[in-house]
Amino acid sequence: MRIFDPHIHMTSRTTDDYEAMYTAGVRALVEPSFWLGQPRTSPASFFDYFDALLGWEPYRAAQYGIAHHCTVALNPKEANDPRCTPVLDALPRYLVKDSVVAVGEIGYDSMTPAEDTALAAQLQLAADHGLPALVHTPHRDKLAGLHRTVDVVRESCLPMDRVLLDHLNETTVKPARDSGCWLGFSIYPDTKMDEDRMVTVLRTYGTEKVLINSAADWGRSDPLKTRKVGDAMLAAGFTEDDVDQVLWRNPVAFYGLSGRLQLDVPKPEALHEGNSVLRGGE
């Protein structure tokens, strides 16, 4: 089983997770930029973070045979903080980088006017740079948030089929599918979706344009949830081809819209900017 995790926050994970993911079949991933759990106090902290997504994390991933890509953006939660909004002006210099395969995570957290502004601006940036967009649908008032998100996307210059609506569940999947966007589902131990619910959704709506992710971060989460969904699909009677479509071909097709996807893992350098994560190796 080959797996492409299209949304996982490896900055928050250990090298043990990389090793376990490779063993489970993960060969590629996309790490979206996101909120770190506490407020950033200046744009400079974003820039250091973006630089790590472009350099340090691909270096770590390559140690374990996993191709690492990222998305960059001003995330919805911090779009409400005036100290952070200057990040929007600096994004173009990151969006031209080879390993940036989308603008994201963008979208809504609390559905404020500031989030409206940031979402519209970053959809325009995606269109300007020929990139798709990874859109975070809110965890609260999900259906209202989904409709509001779709309305803003329709008003933008970015075609609907270049947008991935993430964090969907049973209440939002049908209008999201009807919009023409790609469909993203985050599988968690306690919240969002689980494997059995995901299998039910796939039985109802099929496997086309569906992406499954673990979204593993600094909270209770599981970077092997993609594999567990694949196993649950097989146990429920889906074919190996169905599993390959959901866990590999669909994310490759979506992020391939960037024209930048590189699935061959480069041989890692001995050091990254003078530093190494190797411990006890030759």
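Guide: We begin with F50, which is buried, at a relative accessible area of 0%. Buried means under 20% relative accessible area, exposed over 50% and partly exposed in between, with a 1.4 Å probe and protein chains only. The model is predicted, so local features need pLDDT of at least 70 and side-chain atom pairs count only at pLDDT 80 or more, while totals for chains, interfaces and linings use all residues. Residues are numbered from 1 along each chain as its sequence is written, and side-chain values use heavy atoms, leaving out hydrogens and water.

Visitor: In which helix is F50 found?

Guide: Helices (H or I, at least four residues) and strands (E, at least two) are DSSP runs, numbered from the N terminus. By that numbering, F50 is found in helix α2.

Visitor: Which residues does F50 touch, not counting residues up to four places away in sequence?

Guide: Contact means heavy atoms within 4.5 Å. With residues up to four places away in sequence not counted, F50 touches S33, V72, A73, V87, L91 and Y94.

Visitor: Which residues of α2 are buried?

Guide: An α-helix has 3.6 residues a turn, so residues three or four places apart point the same way. In α2 the buried residues are F46, F47, Y49, F50 and L53. They lie on the same side of α2, because they cover an arc of only 165° around the axis; the arc is that of the directions from the helix axis to the C-beta atoms.

Visitor: What is the order of the strands in the open sheet?

Guide: Strands of a sheet pair through backbone hydrogen bonds, either parallel or antiparallel; here, two strands pair if DSSP finds at least two bridges between them. The open sheet has eight strands with parallel pairing, in the order β1-β2-β3-β4-β5-β6-β7-β8.

Visitor: Which strands stand at the edges?

Guide: An edge strand has a single partner, so one side of it is left without a neighbour in the sheet. The strands in this position are β1 (3-5) and β8 (210-213).

Visitor: Which way do the residues of β5 point?

Guide: In a regular strand the side chains alternate between the two faces of the sheet. In β5, A133 and V135 point one way, and all four residues named here are buried. Those pointing the other way are L134 and H136.

Visitor: Through which helix does the chain cross from β4 to β5?

Guide: The β-α-β crossover is right-handed: with the strands pointing away from the viewer, the path from the first strand over the helix to the second runs clockwise. The helix in question is α5.

Visitor: Which residue of β6 does L134 stand opposite?

Guide: β5 and strand β6 (residues 163-166) pair in the parallel sense over four bridges. In β6, the residue opposite L134 is L164.
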